[in-house]
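Thanks for coming. I will go through a few local features, loops and then helices.

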Amino acid sequence: MSGLRKNILNEAHRIVVKIGSRILVDSEKGGVRTRYIQKLADSVARLMEAGKEVVIVTSGAVGTGMSQLGYKEKPTVIAEKQACAAVGQIDLMYAYREMFRWCQLSVGQILLSADDFRDRGRYKNLQNTIKAMLARKIVPIINENDSLAVAEIKVGDNDKLSSDVALFLDADLLLIFTDEDGLFDDNPKKNPNARLLRFVPEITPAVLALAGKPGEAGSAVSTGGMRSKLEAIRNVTKSGCNAFLACGMRVLPHEVILEQAEGTLFVGSKKKLNSRQRWLSFITTPRGSVVVDEGGVKALREKHSSLLPVGVVAVKKHFDKGDLIEVLSESGEAVARGVAKFDSETLKLVLHKKTSEIHALLGKDVADELVHKNDLVVF
């Protein structure tokens with residue numbers, strides 16, 4: 001298995017590295033771990049000398065600001081959390097700029113929200129911007145815009161953000177650093193005999209269950225736990241990108257790629273999704289959802305047909321024409337995602353109606369389908 005691992009990692013050209021808050025922020029003394037970023041910069045420089053492209057998804061803005069503003073725990077009031085992010089982002093990026101400058105590398109900051117992924121035009125512009133930076137040997141430092149983010153425009157935690165970045169850049173490898181050596185067959189904090197899984201060919205429900213329950217987070221300064229990391233990794237591997245999970249306190253990026261550092265390798269699917277399929281499936285966040293009947297689910301999965309209003313039995317949340325929506329079965333299972341040709345209020349007028357009835361009600365110029373099959377990804 002070591003030979004396969006070596007080949008996968010050596011062949012990775014475009015690498016997205018996600019660094020967690022617990023690695024970047026000194027929870028006892030407060031502030032950025034500048035010495036760590038110095039080591040990270042040297043490691044990235046080694047990878048770039050080896051011909052690799054590196055993008056960093058960083059956490060740490062809120063945690064850094066917390067120490068400056070005197071918080072012991074992450075604030076629960078969103079305005080206070082945003083204030084921490086605004087203050088902390090300055091120190092965090094200063095540390096990145098100065099430490100990377102020592103290695104003769106330039107960095108550039110990009111702050112994102114979910115709307116940057118939802119809007120196809122902004123999404124493509126973001127791709128072009130980062131690719132231009134990489135072409136000029138500039139290391140993009142990406143973070144969510146936490147000083148402005150609210151629930152409606154929030155990507156999620158930075159594990160989700162890192163998977164989104166890996167997917168829209170068509171990266172070869174997503175490297176997530178955490179405070180564990182990788183994925184274990186049991187909780188290593190509770191079971192000293194837990195075994196490190198060095199190779200995971202697929203993230204099945206059983207593998208996902210090893211990470212515990214959804215929402216289990218980590219510390220006073222971090223947002224995501226192991227489950228959020230596995231969910232992020234599952235998204236990229238389903239799309240054909242490989243992933244690696246390692247302890248950022250003991251392992252540096254070049255040691256994963258160029259040496260035999262300890263960690264867990266997750267293998268990407270051989271069936272790669274194209275850019276639009278990746279955007280529909282994983283990257284953007286749906287504005288709303290519709291519930292379809294059993295016949296509609298069958299038509300989508302077996303016939304790969306367009307989604308017609310006749311099969312829709314309920315509408316959840318408001319969405320506009322052109323928004324991405326999620327398609328659910330009556331039991332709540334995610335069936336598909338696609339771009340809506342009706343807004344939610346218009347759709348409510350034509351639920352369970354046939355095309356002829358819709359045209360009689362709304363006119364012949366309206367679309368025949370709610371989601372055309374070319375704008376639909378079925379799970």
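His352 sits in the loop between helix 14 (344-349) and helix 15 (355-362). Helices here are DSSP runs of H or I with at least four residues, strands are runs of E with at least two, and both are numbered from the N terminus. This is a predicted model, where local features need pLDDT of at least 70, side-chain atom pairs count only at pLDDT 80 or more, and totals for chains, interfaces and linings use all residues. Residues are numbered from 1 along each chain as its sequence is written, and side-chain values use heavy atoms, with hydrogens and water left out.

Back to His352: its phi is positive, about 65 degrees, although it is not a glycine. Most residues other than glycine have a negative phi. His352 counts as partly exposed because its relative accessibility is 46%. On this scale buried means under 20% relative accessible area, exposed over 50%, and partly exposed in between, with a 1.4 Å probe and protein chains only.

His304 is another non-glycine with a positive phi, about 55 degrees. The loop that holds His304 runs between helix 13 (294-303) and strand 12 (312-316). At 54% relative accessibility, His304 counts as exposed.

Now helix 8 (residues 158-168) and helix 12 (residues 275-283). They pack at an angle of about 170 degrees, with axes 10 Å apart. The axes are lines fitted to C-alpha atoms, for helices over the stretch in contact, and angles run from 0 to 180 degrees between N-to-C directions. Helix 8 is therefore roughly antiparallel to helix 12, a label for angles over 145 degrees.

Which residues meet? From helix 8 they are Lys160, Asp164, Leu167 and Phe168, and from helix 12 they are Arg278, Phe282 and Ile283. Contact means heavy atoms within 4.5 Å. Asp164 has 0% relative accessibility, so it counts as buried.

Next, helix 7 (residues 120-135). Its 16 residues should span 22 Å at 1.5 Å a residue, and the end C-alpha atoms are 23 Å apart, which agrees. The expected span is 1.5 Å times one less than the number of residues. Buried in helix 7 are Tyr123, Leu126, Gln127, Ile130, Met133 and Leu134. Seen down the axis, the buried residues of helix 7 fall within an arc of 130 degrees, so they line one face; the arc is that of the directions from the helix axis to the C-beta atoms. Lys137 follows helix 7 with a positive phi, near 65 degrees.

Last, helix 10 (residues 226-238). Ten of its 13 residues are buried, so helix 10 is largely enclosed by the rest of the structure. Just after helix 10 comes Gly240, with a positive phi of about 105 degrees.

How values were computed:
Parallel < 35°, antiparallel > 145°, perpendicular 65-115°, else oblique.
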